[in-house]
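Please look through the sequence and the 3D structure shown here before reading on. The report that accompanies them is written for someone who meets this structure for the first time.

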Amino acid sequence: MTRATEGDLTTKLQRLFLASMQRILWTWRLSKFSPYFTGLLIFTFLALIAGERTHWFGPAWQSEVASGGAGLRGLPARPKLLLIIIIDQFRPDYLVRFHRDFVERGFNLLLTGANFVNCRYEQAITITGPGHATLLTGAYPETHGIIGNEWFDRGLGRLVDCVGDPGTRLVDDRGTTAEPGASPHYLVGSTLGDELRASNNYQSRVVSISLKDRSAILPGGHTANAAYWYSSTTGQFVTSTYYMPSLPPWAIQFNSQPPAKAYCGQTWQALPGTVNAGRQVLGSFTPTPNEPCPDTRFLTWLDATPFMSEIELNFAKKAIESERLGQGGTMDVLTISLSENDLIGHTFGPYSPEVADMTLRTDRYLADFFRFVDNAVGLNNVWVALTADHGVAPNPKFITEHRLGAGHARMGEVINAVEAALSKRFGSDTYVQSATGVVIYFNRGTLDKHKAKEDEAEALGASAAAAVPGVQVVFSRHELSEGLLSQNPLAASVSRSYFGPRSGDLFLIFEPFAVNVEAETETVHGTPWTYDSQVPLVLWGSPFESGVYVSPCHPIDLAPTLAVALGLNLPSDAQGRPLREAFK
């Protein structure tokens with residue numbers, strides 16, 4: 001509320017009070033407890049004025065907005081370019097463990113900003129789709145609806161991808177293809193970019209880039225100008241008819257080189273500073289005689305190397321240059337989700353030389369990217385947010401060697417136990433229709449066939465699943481939909497990941513350090529445990545106060561913080577708080 005509006009309201013309250021003075025005096029004469037009664041009226045009037053002036057009434061965030069941009073006397077000048085960098089499966093300890101070998105203006109540049117070291121997702125499913133949606137909506141999956149990378153659609157009778165959209169078509173160098181495209185049509189509510197574009201009659205441009213379609217599409221929101229992702233089949237960046245009928249000429253030119261060709265003949269050799277690597281070759285490609293490069297085999301090999309992050313950032317440079325992002329009359333947003341860290345992390349685990357080298361290379365790639373941005377836009381005109389969509393567990397080999405836990409969890413054993421329990425009670429049949437991650441969907445037709453009540457089947461299934469070694473707790477759809485959960489952090493995290501129309505019938509949480517993979521050296525994420533849920537959150541730019549902040553924060557706070565600083569409405573579903581301590 002402005003000072004003028006505040007003053008007007010105060011004046012109206014004063015007039016109302018004076019107009020009521022005769023009635024107050026009349027009441028004073030009649031009242032046995034007149035001094036107390038009059039004192040109460042005066043106190044109430046003063047409280048109304050004070051409440052309006054200090055914003056006692058209204059949402060908690062309103063006081064922060066009204067106080068001039070989270071503690072500022074006035075909102076800071078908007079940057080020309082807001083960069084939001086999301087590194088897929090990037091744990092905050094990477095910024096500490098490998099810090100000694102960072103170059104000057106990569107991660108170290110950003111770490112001169114506001115570094116929140118105690119930032120954790122409070123949702124139970126910590127994977128790519130929900131994480132990216134949460135970051136830019138400021139909401140949990142219970143609200144934004146992206147409960148997983150995929151889920152079982154009962155109406156369609158099949159799994160659906162979180163950005164899959166058969167109403168769109170893929171767009172590549174040839175133009176619109178016959179292949180299905182992708183869009184944010186499953187995302188419920190607005191993102192930061194949606195609010196920015198709506199605020200200035202859609203003059204700002206929002207562009208989102210990733211190797212993964214969901215990581216490009218979800219952060220951009222519903223009104224992004226463009227989202228680009230990488231096709232590992234063709235080795236080119238593509239988009240969807242949701243955004244455009246054909247790629248812009250600069251993207252076609254970038255693809256025509258092709259991007260992978262520069263890496264033909266290279267090996268993935270550890271950098272000198274890579275921990276426990278000793279300059280060893282971490283990956284190499286052996287071509288067959290007369291094999292052209294790049295071909296499908298080479299593209300498959302390249303997909304599993306850090307070089308993919310360099311390719312992605314080179315594409316982002318081309319987008320800045322050709323679209324003149326941050327170089328017009330209004331502020332623009334560029335979201336970059338670096339996906340390669342996720343693939344390498346899954347394959348080798350967070351304590352591997354491969355992840356160490358990936359981190360050091362990302363640092364150097366970012367330093368080169370920031371130099372480009374400085375030349376094109378000027379870093380003094382840029383704000384940067386660095387974060388991640390989730391962390392990752394150690395692999396079973398590391399876990400068992402260091403006696404941290406069981407190492408393995410077996411989802412297959414859980415499904416078998418559930419099937420056995422339901423078959424014993426209702427009759428032999430197949431009751432589990434689908435299982436995605438740690439969520440089980442029952443076949444409603446099979447339950448009807450055996451006249452089995454859904455809540456009874458869920459209770460039996462939950463009890464059977466909870467008895468399997470490695471399972472910490474199981475929640476049923478009935479408990480979630482009826483609000484019957486006990487009051488504890490695990491139940492709360494599951495509730496935040498539950499979106500009724502899309503969620504399943506049983507929701508599992510495995511014990512800490514029980515990882516649902518088959519191999520000893522691979523790993524996965526997706527639990528509420530800290531190794532999966534804790535991520536970095538760093539804010540860099542002119543309005544942000546340099547320092548290390550240990551106060552608790554959550555990824556849902558990112559969008560509200562940036563919205564407040566930019567003078568925007570918060571995204572429609574936002575549940576986070578502006579991190580006012582980060583502002584100068």
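The text below goes from the whole protein to its core, one of its sheets, its cysteines and some features of its backbone.

**Basis**

This is a predicted model, in which local features need pLDDT of at least 70 and side-chain atom pairs count only at pLDDT 80 or more, whereas totals for chains, interfaces and linings use all residues. Residues are numbered from 1 along each chain as its sequence is written, and side-chain values use heavy atoms, with hydrogens and water left out.

**The whole protein**

The protein has 584 residues, of which 55% count as buried, where buried stands for under 20% relative accessible area, exposed for over 50%, and partly exposed for what lies in between, with a 1.4 Å probe and protein chains only. Among contacts with a separation of 6 or more, 71% are between residues 24 or more positions apart, a contact being heavy atoms within 4.5 Å.

**The core**

A nonpolar core is a set of buried Ala, Val, Leu, Ile, Met, Phe, Trp, Tyr and Cys residues joined through side-chain atoms within 4.5 Å. The largest such core holds 165 residues, and those with the most contacts inside it are Leu-334, Phe-369, Val-414, Leu-508 and Leu-539. Helix H15, which covers residues 353–376, gives the most to this core, with 9 residues. Which residues does Leu-508 contact, leaving aside its neighbours within four places in sequence? They are Met-411, Val-414, Val-438, Ile-440, Val-471, Val-473 and Val-474.

**A sheet of four strands**

An open sheet of 4 strands runs in the order E15-E16-E18-E17 with antiparallel pairing, two strands being paired if DSSP finds at least two bridges between them. Strand E15 (432–436) and strand E17 (471–476) stand at the edges with a single partner strand each, so one side of each has no neighbour in the sheet. On average, neighbouring strands of this sheet are turned by 20° against each other, direction ignored. Strand E16 (residues 439–442) and strand E18 (residues 506–510) run antiparallel and are joined by 2 bridges, and Val-439 stands opposite Phe-507 in E18.

Two helices can be described together with this sheet. H19 packs on the sheet and touches E16, E17 and E18, its direction making about 175° with that of E17. Helix H21 (residues 489–496) lies across E17 and E18 and runs at about 50° to E17. For these angles, axes are lines fitted to C-alpha atoms, for helices over the stretch in contact, and angles run from 0 to 180 degrees between N-to-C directions.

**Cysteines**

A search of the whole structure finds 1 disulfide, defined as a pair of cysteine sulfur atoms within 2.5 Å. Cys-264 and Cys-293 form it, with their sulfur atoms 2.1 Å apart, and with -95° about the S-S bond the link is left-handed. The pair links distant parts of the chain, with Cys-264 in the loop between H11 and E10 and Cys-293 in the loop between E11 and H12, 29 residues apart. Cys-264 is partly exposed at 25% relative accessibility, and Cys-293 is partly exposed at 27%.

Cys-119 is buried, with a relative accessible area of 0%.

**Backbone features**

Most residues other than glycine have a negative phi, and most peptide bonds are trans. The table lists some exceptions.

| Residues | Feature | Value |
|---|---|---|
| Gln-257 and Pro-258 | cis peptide bond | omega about -20° |
| Cys-293 and Pro-294 | cis peptide bond | omega about 5° |
| Gln-89 | positive phi | about 60° |
| Lys-451 | positive phi | near 55° |

Pro-258 lies in the loop between helix H11 (249–255) and strand E10 (268–269), while Pro-294 is in the loop between strand E11 (281–283) and helix H12 (296–302). Gln-89, in the loop between strand E1 (81–87) and helix H5 (94–97), is buried at a relative accessible area of 0%. Lys-451, in the loop between helix H18 (444–449) and helix H19 (454–466), counts as exposed at 75% relative accessibility.
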